[in-house]
Structure formats: structure tokens, C-alpha cells
Amino acid sequence: MIYPVIMAGGTGSRLWPLSRQLNPKQFLKLTDQHLSMLQLTVARLDGMESADPLLICNEEHRFLAAEQMRQAGYKDARIILEPCGRNTAPAIALAALKVVKSIDENQNPLMLVLAADHLIRDIAAFQSCIQKAVPLAQQNKLVTFGIVPGHAETAYGYIQQGPILADDSFSVSRFVEKPDQTAAEKYLASGDYLWNSGMFLFGARTYLQELQKHRPDILAICQAALDDASEDLHFTRVNESVFAECPEDSIDYAVMEKTDNAAVVSLDAGWSDIGSWSALWEVSEKDANGNCFSGDVIAHSTESTLVRADNRLVATVGVKDLVIIETKDALLVAHKDQVQDVKKIVEAIKNDGRHEHMNHREVYRPWGVYDSIDNGHRYQVKRITVKPGAKLSVQMHHHRAEHWIVVSGTAKVTNGDDSYLVTENQSTYIPVGQIHCLENPGVIDLELIEVQSGSYLGEDDIVRFKDRYGKA
């Protein structure tokens with residue numbers, strides 16, 4: 001039995017404006033029309049003898065992760081919530097401690113550590129590679145998976161193969177940082193180097209023993225944070241103040257580069273970490289001119305270009321080697337050779353005090369979604385969709401009043417001491433300072449237009465009194 005652990009942290013800033021801090025790339029449908037990167041990672045486990053996956057994600061992504069896991073068939077998915085990011089070594093430690101806590105103390109369950117935002121085209125080759133790694137992990141090897149390189153890549157770390165251990169399996173000679181172009185070409189020509197994928201298979205107790213040997217400070221803090229964790233539905237919340245003291249370190253630096261038991265299994269399965277827009281262009285299906293278009297696109301004299309139009313027509317004339325990404329609130333135009341610097345735009349947005357790095361205009365909540373369709377001085381207009389049976393928090397606002405106009409479905413409104421239904425083409429008014437609540441008692445989506453008016457319209461002007469999603 002293999003225990004899959006899926007790492008779903010990170011912000012994916014190189015894939016802005018599609019990837020945002022509150023809706024990063026692992027939750028986006030980048031390579032598949034129907035499944036997000038996380039859901040594709042889960043689907044990759046189908047057919048393997050494995051336990052239900054254990055997910056690790058940021059606190060702010062908890063409902064997004066839970067909903068996508070529910071859609072993938074895991075209604076009560078186990079999710080460890082990190083109150084703050086501390087890199088992969090502590091995150092995997094939390095998972096290992098959680099796994100060994102639930103089994104017999106004499107067992108050393110095998111943990112398959114996967115990233116939620118990787119693409120693997122050949123599922124059969126991936127699963128076969130996992131099976132090759134199992135005997136090594138059972139011998140207390142810490143196995144990583146090295147990608148057979150297809151070109152001299154400077155954006156990945158490398159693993160140099162040591163003596164052969166078994167079929168396509170080697171001891172690790174050394175880990176190498178991201179090289180320059182000359183070094184990358186030498187690595188490729190030698191045939192002794194693999195790309196570092198960041199995927200692992202090892203015994204949970206084996207990992208904890210190695211962490212105790214090389215970074216006992218990390219292990220001690222993770223153990224203390226988990227010992228004082230709270231269980232909320234299927235979420236495990238580690239102690240925030242304790243975990244915040246944990247040093248930041250990757251599993252490569254903390255363990256893999258220091259252990260004497262590292263092994264690597266070569267993987268040739270159409271892997272990509274989709275680390276940039278050019279990487280997405282490379283793995284996408286293209287037309288005769290090398291273009292990859294998604295959405296409403298009209299192109300003339302256009303070559304080797306990636307266009308993603310989510311909301312409106314995008315037209316191109318006489319361009320080549322560009323990336324054009326259109327969302328409701330931002331437009332990115334970049335040369336494919338420069339897309340690694342998209343993160344600098346994100347940094348500039350942050351430094352300017354803007355918000356486009358945080359979330360899209362359309363924001364998902366556990367109860368549904370809202371889209372800020374217009375705003376101006378002292379007013380804001382939102383289109384709100386509430387899922388059947390869902391209920392927003394009981395709340396009030398100090399600085400704004402709200403008008404609700406129901407477009408479809410039925411709303412159950414609590415307005416002060418009154419409770420009543422509002423149906424299609426009807427409206428209601430919530431005064432400033434009034435305690436109120438919105439609920440969908442029906443079996444179809446409730447859609448309404450909300451017009452806010454007042455001196456301050458920020459999302460932080462919400463006083464919650466009761467909330468089924470833990471925000472009160």
C-alpha cells in the first residue's frame with residue numbers, strides 16, 4: 001500500500017495573470033478542459049494500490065482544495081493546512097508524522113510525494129516507474145524521480161546518476177543547482193544527468209529518521225505543531241504560532257543532499273512542471289503555424305504564439321513567439337523568451353499596492369462565486385451565485401448598504417429580525433449596520449445582482465456573527 005501525499009502549496013507567479021495568490025496554478029485548468037492540475041494529479045493514481053491521497057495546502061486555499069477533491073471523488077479528503085509556507089521539508093514532515101500516527105508503530109508506510117501542479121502525459125510509464133521504486137524504498141532508500149532530459153534546460157536542477165542499483169535505478173552521485181546554458185549542454189551530452197522532478201517515494205519513518213539526523217530542529221517544531229493541531233471536519237490545522245517558528249528549507253537541502261541513502265529512478269513519461277507560459281506552449285497541441293489558441297481568437301500572419309482569451313475576442317496580426325493571456329481584469333503580452341520574468345510584474349503589482357496579484361475579478365467561495373462587474377466612487381456592483389443549500393455568513397457592515405436583485409432562483413433573506421423569500425425579478429434592501437444573511441434554500445443556483453453603496457466598500461468591512469465555514 002502506497003500513501004500518496006500531494007503538495008498543493010505555492011502561488012505560480014510565473015503564470016500570472018491566470019495564476020493568482022488566492023487561485024494559483026495547481027487549481028487551474030491549464031492542460032485539460034475539464035480537470036485542474038490538482039485533479040489530474042489525483043487521477044494519475046487511478047489503478048494503483050494506494051490509500052486515499054493526503055493533501056497539504058495553504059490555509060487560504062482550503063475550500064478551493066476541498067471542493068476540487070470532492071469533484072475528483074473524495075468527499076472527505078484529508079487535508080493538512082499550513083498557516084504559513086515553510087517550503088517542502090517541513091510540509092513533508094507534517095505528512096509523514098500524520099501518516100505514521102495512524103498505523104502500527106512497527107510499520108514503515110511508503111509515501112509517494114507528488115506536486116499538484118505537474119503534467120505527466122504517459123500515465124502507464126509513470127505508474128511503472130513508481131513500481132520500480134518500491135523495492136528501493138522498502139530497503140530504506142529515499143527515492144527521487146529524475147526526468148530524462150529532452151534538451152539543455154536551465155530552469156531545472158539536475159541529478160547526476162551514480163552506480164546502477166536496478167533497472168533504470170541509480171544511487172545519487174550529486175544534486176546540481178540550475179545550470180547555465182553551457183553546463184546544461186554538457187550535462188545533456190554526458191547522458192549521466194536527469195532533471196530533478198521534486199517527486200519522491202520513501203518510508204515515512206525513514207524520512208523522519210533522516211530529518212532527525214540532519215535537521216532535528218525542523219522535525220521538533222513540526223512534531224510540536226502537529227501535537228497541538230485541531231481537527232475541523234476533514235481539515236487538520238497545525239498550531240500556527242508553533243509552526244511559524246519552523247525554519248524554511250526544501251527537502252533537497254535538508255535531507256536529499258545530505259543523506260547516504262538517496263536513489264534516483266529515471267522517468268520518461270512526458271513530464272513538465274508547467275513553470276512558465278512558454279512551458280505550457282511547448283506541451284500544448286499546436287496548429288500548422290505552431291500556434292496554440294484557447295478561447296475567442298482570430299489570427300492573421302501569426303506564428304509560434306500562445307493566446308488564451310477567457311472573456312473577449314483577441315486578434316493578432318503579424319506577430320511571432322508571443323504569449324498573450326487575457327483575463328477579466330488583466331492582459332499579459334510577453335515574448336516567449338522572456339516569460340520567466342513575469343514574476344517581476346507580479347512583484348511590481350505588489351509594490352504598487354494593487355490587488356491584481358491576489359485574485360481574479362471573479363472570486364470563488366465555499367458557498368459559490370462573485371464577480372465584481374463594476375465599481376466607482378461610493379458604489380460597487382457584483383454578480384453573485386450561491387450554490388443550492390449554501391448559506392453566507394450572518395454579518396453586518398459599518399459603512400455600506402446593499403441592494404439585492406434576484407435574477408434566477410430563490411433567496412432566503414435574513415434582514416434584522418425579519419426573514420423572507422425573494423424570488424426572480426424581486427429585490428430587497430439591507431441598510432448600513434443591519435445584521436443580515438443570504439441563503440439559497442432551492443435546488444438550483446441562486447443568481448443575484450448586489451449593488452453596494454457607501455463611504456467604504458472594502459471586503460474587510462464585514463463583521464461576521466455566525467459562519468458555517470469557520471470565518472466567524
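Reader: Which residues have the most contacts inside the largest nonpolar core?

Author: This is a predicted model, in which local features need pLDDT of at least 70 and side-chain atom pairs count only at pLDDT 80 or more, while totals for chains, interfaces and linings use all residues. Residues are numbered from 1 along each chain as its sequence is written, and side-chain values use heavy atoms, with hydrogens and water left out. A nonpolar core is a set of buried Ala, Val, Leu, Ile, Met, Phe, Trp, Tyr and Cys residues joined through side-chain atoms within 4.5 Å, where buried means under 20% relative accessible area with a 1.4 Å probe, protein chains only. The largest such core has 48 residues, and those with the most contacts inside it are Met111, Phe202 and Tyr207.

Reader: Which helix gives the largest share of this core?

Author: Helices are DSSP runs of H or I with at least four residues, and strands are runs of E with at least two, numbered from the N terminus. The largest share, 10 residues, comes from helix 3 (residues 88-101).

Reader: Which strands stand at the edges of the open sheet?

Author: The sheet has 6 strands in the order 18-19-20-27-22-25, with antiparallel pairing, and two strands pair if DSSP finds at least two bridges between them. Each edge strand has a single partner strand, so one side of each is left without a neighbour in the sheet; these are strand 18 (362-365) and strand 25 (427-430).

Reader: Over how many bridges do strand 19 and strand 20 pair?

Author: In strand 20, lysine 382 is the bridge partner of serine 372. Strand 19 (residues 368-376) and strand 20 (residues 379-386) pair in the antiparallel sense, over 8 bridges.

Methods: Buried means under 20% relative accessible area, exposed over 50%, partly exposed in between (1.4 Å probe, protein chains only).
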